[in-house]
Each structure stands twice: as structure tokens, then as C-alpha cells.
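Look at the model below, and keep it in view as you read.

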Amino acid sequence: MVGKLTSRMLSYTGPSTALQEVLYGFIMALIFVYGVRFGVLEFSDKFSFAVTVTGMCLTWGVIDGIIFYYIWLLDTRRTYRVITNAEGRDRESRKNEIMDSLSGTALDVLSDQNKDAICDMMLDKEVQSEAEYEEDRKAMVKNSIGCVFFGVVALIPVLLPLLFFEDLIYALGVSCILSGLSLFVTGYLMGPYIGLNRFVMGLFLAGISFVISVISVFTGG
């Protein structure tokens, strides 16, 4: 059941976005974990800690989902106006705007010549129908839901020890270990997607999350 749900959510967000949200969730949660262990933050009991951390991860997951949705919406509408030439502009300026919009996407791996050809092709094609646009919009809503899901998934290894150990500090020590292992496994599984060694990717994710979390504790998070 959990595996099927995770696979479905992964199909909504894609591996890269899922990994990004998992990292955000871990870092957010670990800021509180290290904050308590270093004596920077204090909580009266395990329940108040769990509620605070869950609320923070859930809030940021929702924020990310909303931002992703509206950025997609704005980019889509802008690209629609450029391709249909709603503003009566010359072709070269419209092509340059589309070229700029390709930065930071998977098309960055192509040569400038190929990207230029893609821009020309886009300007010569018909835009999608209203029905197709509505399907894409629904897909982005699902993507936003996936962002929340993966942000909250990171809480499992952080909060699980609280169920088994009475002492908050000791439980959070176990949380640190489980989180490090979870991040390593995440990197280990994601390594092949980007052509990196599994162990290198695992150690990198675990290490960078630790460094960012500790720095955030002492810089105001």
C-alpha cells in the first residue's frame, strides 16, 4: 500500500522534484533536531516537538506545491502569448524570450544550435487545445500534492524514535542516525538517475544535509 502510494506520487512529481522535497523535509526537521541537541531550542515534551516539526514540514511542503503550481501557470500563459504573438512582436525577440525560458530545464544539455531550432519549431507550431491545457493543469495539481507528500515523508525517520524512547534527547539522537541512513539510502537509490556512483551520492546527500542543518541552527534557520 505504502509502496504503491509512493510510486504514484513519484509519477506525479518525477524523481528530481521528489528528491528535492525529501531533502527540504529532512533539512527542516533536522534543524529542530540539532537545535534541541545543541541546546539552542527547548521543548517541554515529545508531543510539542512532534507537532512543531510536523507543522513546519507540512507548511513548507504546501508552500512549495503552491509556488510550483503558480510558476508553471505563469510560465505557461506567458509562453502561450509569445507563441501566438498576442502582443504583435517581431519573431527574433519572441525567439529570444523562449530561449531564455529554456534555461534551467533538461534542454540545457543541448547545443545552442539545437535549442535555437527548437525555439523556431515552437513558434511555428499550434498551441494546445483547452482540453489539453486542462489535463496539464490537473497534472500540476497532482505535482503540488506530491511535493507535500515527499516533504512529510522525511518526518518518518525523525519522529519514529519518539514512539519508542521516553527521553527526548536520546530519541533525537536515534533520529539523527536514522535520518543519516535514510538520506544515504535515498542517494544510493538516486545515483543511477544522474550517472553518479551510488555510494558517492549517498554520502553526499547525508553530508550536505547535516552541514546545512547545523549551519541553519546557528544562523536562525
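**A walk through the model**

T13 has its place in helix α1, residues 2-13. Helices here are DSSP runs of H or I with at least four residues, while strands are runs of E with at least two, and both are numbered from the N terminus. This is a predicted model, in which local features need pLDDT of at least 70 and side-chain atom pairs count only at pLDDT 80 or more, whereas totals for chains, interfaces and linings use all residues. Residues are numbered from 1 along each chain as its sequence is written, and side-chain values use heavy atoms, with hydrogens and water left out.

Is T13 buried or exposed? With a relative accessible area of 10%, T13 is buried. Buried means under 20% relative accessible area, exposed means over 50%, and partly exposed lies in between (1.4 Å probe, protein chains only). What does T13 touch? Leaving aside neighbours within four places in sequence, T13 is in contact with A18, N143, G146, C147 and F150. Contact means heavy atoms within 4.5 Å.

N143, G146, C147 and F150 are also among the buried residues of α6. Others in that list include Y133, M140 and G151. Helix α6 has 24 residues. From first C-alpha to last, α6 reaches 35 Å, close to the 34 Å expected at 1.5 Å a residue. The expected span is 1.5 Å times one less than the number of residues.

Now find F32 in helix α2, residues 15-37. F32 is buried, and its relative accessible area is 14%. Not counting residues up to four places away in sequence, F32 touches L41, F43, F49, T52, V53 and M56. Y133 is another matter: F32 and Y133 are 101 residues apart in sequence and 41 Å apart in space, C-alpha to C-alpha. Compare I212, in helix α9. I212 and I31 are 181 residues apart in sequence and 8.5 Å apart in space, again C-alpha to C-alpha. I212 is partly exposed, with a relative accessible area of 33%.

Next come the cores. A nonpolar core is a set of buried Ala, Val, Leu, Ile, Met, Phe, Trp, Tyr and Cys residues joined through side-chain atoms within 4.5 Å. The largest one has 32 residues, of which V33, F49, V53, L159, L162 and L172 touch the most other members. Which helices build this core? At least two residues each come from α2, α3 (46-83), α6 (130-153), α7 (155-159), α8 (168-190) and α9 (198-219). Helix α2 gives the most, with 11 residues. Take V53 as one example: leaving aside its neighbours within four places in sequence, V53 is in contact with A29, F32 and L155. Another core lies apart from the largest one; it has 6 residues, among them V82, L102, C119 and L123.

C119 and L123 lead us to helix α5, where the buried residues are K115, I118, C119 and L123. These cover an arc of only 135 degrees around the axis, which puts them on the same side of α5. The arc is that of the directions from the helix axis to the C-beta atoms. The buried residues of α5 pack against α3 and α4 (91-101). The length of α5 also agrees with expectation: its 12 residues (112-123) should span 16 Å at 1.5 Å a residue, and its end C-alpha atoms are 17 Å apart.

The loop between α3 and α4 holds N85. Most residues other than glycine have a negative phi. N85 is not a glycine, yet its phi is positive, about 55 degrees. At 27% relative accessibility, N85 counts as partly exposed.

On a 1 Å grid over the protein atoms alone, a cavity is a set of points where a 1.4 Å probe fits but cannot get out. A pocket is an open set with protein on both sides within 12 Å along at least five of seven lines, and lining residues have an atom within 4 Å of a point. Grid points are joined across faces, edges and corners, and a volume is the space filled by probe spheres set on the points.

How many cavities of 30 Å³ or more are there? A search of the whole structure finds 1. The largest cavity holds about 40 Å³ of space. Its lining includes E21, Y24, W60 and G151. Helices α2 and α3 are the elements that give two or more residues to this lining.

The largest pocket has a volume of about 630 Å³. It is lined by 19 residues, and the closest to its centre are I71, W72, D75, S101 and T105. Helix α3 gives the most to this lining, with 8 residues.
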